[in-house]
Amino acid sequence: MITETFQRKILMKKKASRRSRILVTANWKMAFLPNEAEALTREIAAIQVSDQLDVVLCPSFTALEGVAKTLAGTRILLGAQDVFWQARGAYTGEVSAEELRAVGCSYVIIGHSERRREYNENDQMINRKVLAGLAYGLSVILCVGESSDERRQNIHHARVSRQVHEALRNVPPPRYGQELVIAYEPIWAIGSGYPAERDQVITMAGVIQQALVDVFGVQISQEATRIIYGGSVVPENVKGFVDQENIQGVLLGKASQYASSFSTILGKFSSARI
Ligand code: PGA
């Protein structure tokens, strides 16, 4: 019989390699009807993707099932753009983590700034979503990031650190096969065409890393978490944001919505070392 400790050891070995891999996540937002999402998925599935890359596509809820079918037999993974914290019940319009699992999701984006802004999602709600996502076996991509005002006032580090701490309140370490990804997405960089500067991202990755260590300790944060950047990433700048040591991937909006730019970005990481 495999003991809990033994299982944990195997898991640690496997997880130890996570940070040496690059995560490329596509946030398709509300851009596509199901048939359009499936067509784009077919184009993406035909791209040669390096073994060192983890690729996750996050279409709208209505496209999940079709995209899951299109992805069958590929290494590309499926994610959702949101989740509700309750498991089941009278919650009109909501979608649970179990439902996401049932259609083939292994990832979920939580706390995107568009949701924080449009639906007043606060850190407490996001915390409940993170707890639910992990409890049902999903890997979570938690989005954090400051506004331009917060950066101007020089409270951006404190703001992002608080977002991480609040979102991870009482969150147990990710289990076997799961990971927790923190996506640093400064609000002013999303969809603006003005990405953050590399130094700004690296500094913030340090702040996030510290918050992760506060919550999980050094070992778990090394083994079961990754930090990625999102906000106006395009083929021309993507490599500047990823350096394995600090930032292990990207969250793409616009650039993931065209097979050509997405494929160029994947191609940039085609060699094992970056
Ligand atoms: P963008 O979006 O790449 O279009 O700036 C990123 C995001 O919203 O996750």
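View 1. Val24 and Ile208 touch the most other members of the largest nonpolar core, which has 69 residues. Helix H9 (residues 198-224) gives the most to this core, with 10 residues. A nonpolar core is a set of buried Ala, Val, Leu, Ile, Met, Phe, Trp, Tyr and Cys residues joined through side-chain atoms within 4.5 Å. Buried stands for under 20% relative accessible area, exposed for over 50%, and partly exposed for values in between (1.4 Å probe, protein chains only). Helices (H or I, at least four residues) and strands (E, at least two) are DSSP runs, numbered from the N terminus. The model is a predicted one, in which local features need pLDDT of at least 70 and side-chain atom pairs count only at pLDDT 80 or more, while totals for chains, interfaces and linings use all residues. Residues are numbered from 1 along each chain as its sequence is written, and side-chain values use heavy atoms, with hydrogens and water left out.

View 2. Leaving aside neighbours within four places in sequence, Val24 is in contact (heavy atoms within 4.5 Å) with Leu53, Asp54, Val55, Val56, Val250, Leu252, Phe262, Ile265, Leu266 and Phe269.

**View 3. Ligand site.** The ligand is surrounded by 13 residues, and the closest are Lys29, His112, Glu185, Gly191 and Ser232; a residue is included if one of its heavy atoms lies within 4 Å of the ligand. Polar contacts are pairs of N or O atoms within 3.5 Å; within protein, one must be able to donate a hydrogen and the other to accept it, and residues adjacent in sequence count only if both atoms are side-chain atoms. Glu185 places a polar side-chain atom 2.7 Å from an oxygen atom of the ligand. A polar backbone atom of Gly191 is 2.7 Å from a ligand oxygen atom, and a polar backbone atom of Ser232 is also 2.7 Å from an oxygen atom of the ligand. The protein buries 97% of the 280 Å² that the ligand exposes when taken alone, with areas from the Shrake-Rupley method and a 1.4 Å probe.

View 4. Lys29 lies in the loop between strand S1 (22-27) and helix H2 (34-45). Lys29 is not a glycine, although its phi is positive, at about 50 degrees. Lys29 counts as partly exposed because its relative accessibility is 21%. Gln257, in the loop between S8 and helix H11 (259-268), is buried, with a relative accessible area of 13%. A polar atom of the Gln257 side chain lies 3.4 Å from the backbone oxygen of Asn27. Beyond neighbours within four places in sequence, Gln257 is in contact with Asn27, Trp28, Lys29, Ala31, Phe32 and Leu40.

**View 5. Gln244.** The loop between helix H10 (238-241) and strand S8 (249-252) holds Gln244. Gln244 has a relative accessible area of 13% and is therefore buried. A polar atom of its side chain lies 3.2 Å from the backbone oxygen of Ser20.

**View 6. Helix H6 and its ends.** The 13 residues of H6 (residues 123-135) should span 18 Å at 1.5 Å a residue, and the end C-alpha atoms are 18 Å apart, which agrees; the expected span is 1.5 Å times one less than the number of residues. Buried residues of H6 are Asp123, Ile126, Asn127, Lys129, Val130, Ala132, Gly133 and Leu134. They pack against helix H4 (97-102), strand S4 (107-110), helix H5 (113-118), strand S5 (139-144) and helix H8 (156-167). At the start of H6, a side-chain oxygen of Asn122 comes within 3.1 Å of the backbone nitrogen of Gln124.

**View 7. Tyr184 in strand S6.** Tyr184 lies in strand S6 (residues 180-184) and counts as buried because its relative accessibility is 1%. Contacts of Tyr184, leaving aside neighbours within four places in sequence, include Val144, Arg151, Val160, Met204, Ile208 and Tyr229.

**View 8. Gly231.** Gly231 is in the loop between strand S7 (225-230) and H10 and, at 5% relative accessibility, counts as buried. Gly231 and Pro195 are 36 residues apart in sequence, with their C-alpha atoms 5.6 Å apart in space.
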